Amino acid sequence: MAMASAAAESPRVAVLTRPAGRNEALAARLREAGWASCILPALEIQALPAAAQSLPRPADYDMVVFVSGNAARQYLDQCARADGPAAWPAGVIAATVGPASAQALRESGSFGANTTVLHPPESAPSHDSEALWEVLQTLPRLPARVLLVRGTQGRDWLGDKLAAHGAAVTRHAAYLRRPASWDAGQLARLRQWADDGLPATWLITSGEGADAVRTRLGEAGLAAWWERCGFVLTHPSLARRVPAGCHGSGGPAVVKICLPNDESIFQAFVAA
């Protein structure tokens, strides 16, 4: 009983690594639940310039697929800078890998109430390319011309799948992601937790993000601490990017997998 009491008194640390601007509401909710929340983006999102003459326009396609909310926001911004504010062209389907990125489209001002936005439902087992593919297969026929909007790096699975089923797929990079810089104060906070023997629980939402965090911690001499931390992951494939198995006396890493929305992430953190 004494051991359980001591464990209950230990602060619980959540490190939220989504890009800037995506963590604040979740951090506040975790603090209300008794967690120490640390916002520490793993990656910086940098918009890519697009020459007006080479920018692919949605009207030239039957469907435009956005792999993330960032892809939606950056591409629509590129279009607005090239052509001015404009409504989404009638008859062109928009598709996203989940409800969160669909919401980014609806908040853009370009999408009217009658615009078709396809995405996996909130209740889907996953929000990813595979889940969107399941939705697309319910269409009477697949769109013939598809624009796939993404970052400079990412999975090609969906584009390859569409091409294999006869679609002409154009891939457009609207942004790039690069490792974020952490300042001395942020590193000092992590080092203090490591010195206190307090493992954090890290939110990891991309393979690039996991690699960036691991590299930054290695440079700071905190690789051993990373091995003892826990993880909340938003896709099963990310499990191979974080420590697994035992490390010294720390035991196996605790890994929880959830959908990439704030409610699911919050529940994964607070679940016993």
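This is a predicted model: local features need pLDDT of at least 70, side-chain atom pairs count only at pLDDT 80 or more; totals for chains, interfaces and linings use all residues.

User: Where is R18 found, and is R18 buried or exposed?

Analyst: R18 is found in the loop that runs between strand 1 (12-16) and helix 2 (24-32). Its relative accessible area is 4%, and since buried means under 20%, R18 counts as buried.

User: How do the axes of helix 3 and helix 4 lie relative to each other?

Analyst: The axes of helix 3 (residues 69-83) and helix 4 come within 8 Å and cross at roughly 20°. Because angles under 35 degrees count as roughly parallel, this crossing makes helix 3 and helix 4 roughly parallel.

User: Which residues make the contact of helix 3 with helix 4, and how do they divide by class?

Analyst: Helix 3 passes helix 4 in a right-handed crossing, and the contact is made by G69, A72, R73 and L76 of helix 3 together with S101, A104 and L105 of helix 4. By class, the contact of helix 3 with helix 4 has 4 nonpolar, 2 polar and 1 charged residues.

User: Staying with S101, which residues does S101 touch beyond those up to four places away in sequence?

Analyst: S101 is found in helix 4 (residues 99-106), and at 5% relative accessibility S101 counts as buried. Leaving out residues up to four places away in sequence, the residues that S101 touches are S68, G69 and T96.

User: How many residues of helix 5 are buried, and what do they pack against?

Analyst: Helix 5 (residues 129-136) is mostly covered, with 6 of its 8 residues buried, namely S129, A131, L132, W133, V135 and L136. These buried residues of helix 5 pack against strand 4 (63-66), strand 5 (93-96), strand 6 (117-118) and helix 6 (157-164).

User: Which backbone nitrogen does a side-chain oxygen of D128 reach at the start of helix 5?

Analyst: At the start of helix 5, a side-chain oxygen of D128 comes to within 3.3 Å of a backbone nitrogen, a distance inside the 3.5 Å limit for a polar contact. That nitrogen belongs to E130.

User: How are helix 5 and helix 6 oriented, and what classes of residue make their contact?

Analyst: The axes of helix 5 and helix 6 come within 9 Å and cross at roughly 30°, and the two helices are therefore roughly parallel to each other. The contact is made by S129, E130, L132, W133 and L136 of helix 5 and W157, L158, K161 and L162 of helix 6. The residues of this contact divide into 6 nonpolar, 1 polar and 2 charged.

User: What separates the C-alpha atoms of F231 and F269?

Analyst: F231 lies in strand 10 (residues 230-233) and is buried, with a relative accessible area of 1%. F231 and F269 are 38 residues apart along the chain, and their C-alpha atoms are separated by 8.8 Å.

Key. Residues are numbered from 1 along each chain as its sequence is written. Side-chain values use heavy atoms; hydrogens and water are left out. Helices (H or I, at least four residues) and strands (E, at least two) are DSSP runs, numbered from the N terminus. Buried means under 20% relative accessible area, exposed over 50%, partly exposed in between (1.4 Å probe, protein chains only). Contact means heavy atoms within 4.5 Å. A polar contact is a pair of N or O atoms within 3.5 Å; within protein, one must be able to donate a hydrogen and the other to accept it, and residues adjacent in sequence count only if both atoms are side-chain atoms. Axes are lines fitted to C-alpha atoms, for helices over the stretch in contact, and angles run from 0 to 180 degrees between N-to-C directions. Angles under 35 degrees count as roughly parallel, over 145 as roughly antiparallel, 65 to 115 as roughly perpendicular and the rest as oblique. A crossing is left-handed if the near helix is turned anticlockwise from the far one by less than a right angle, and right-handed if clockwise. Ala, Val, Leu, Ile, Met, Phe, Trp, Tyr, Cys and Pro count as nonpolar, Asp, Glu, Lys and Arg as charged, and the others, Gly among them, as polar.
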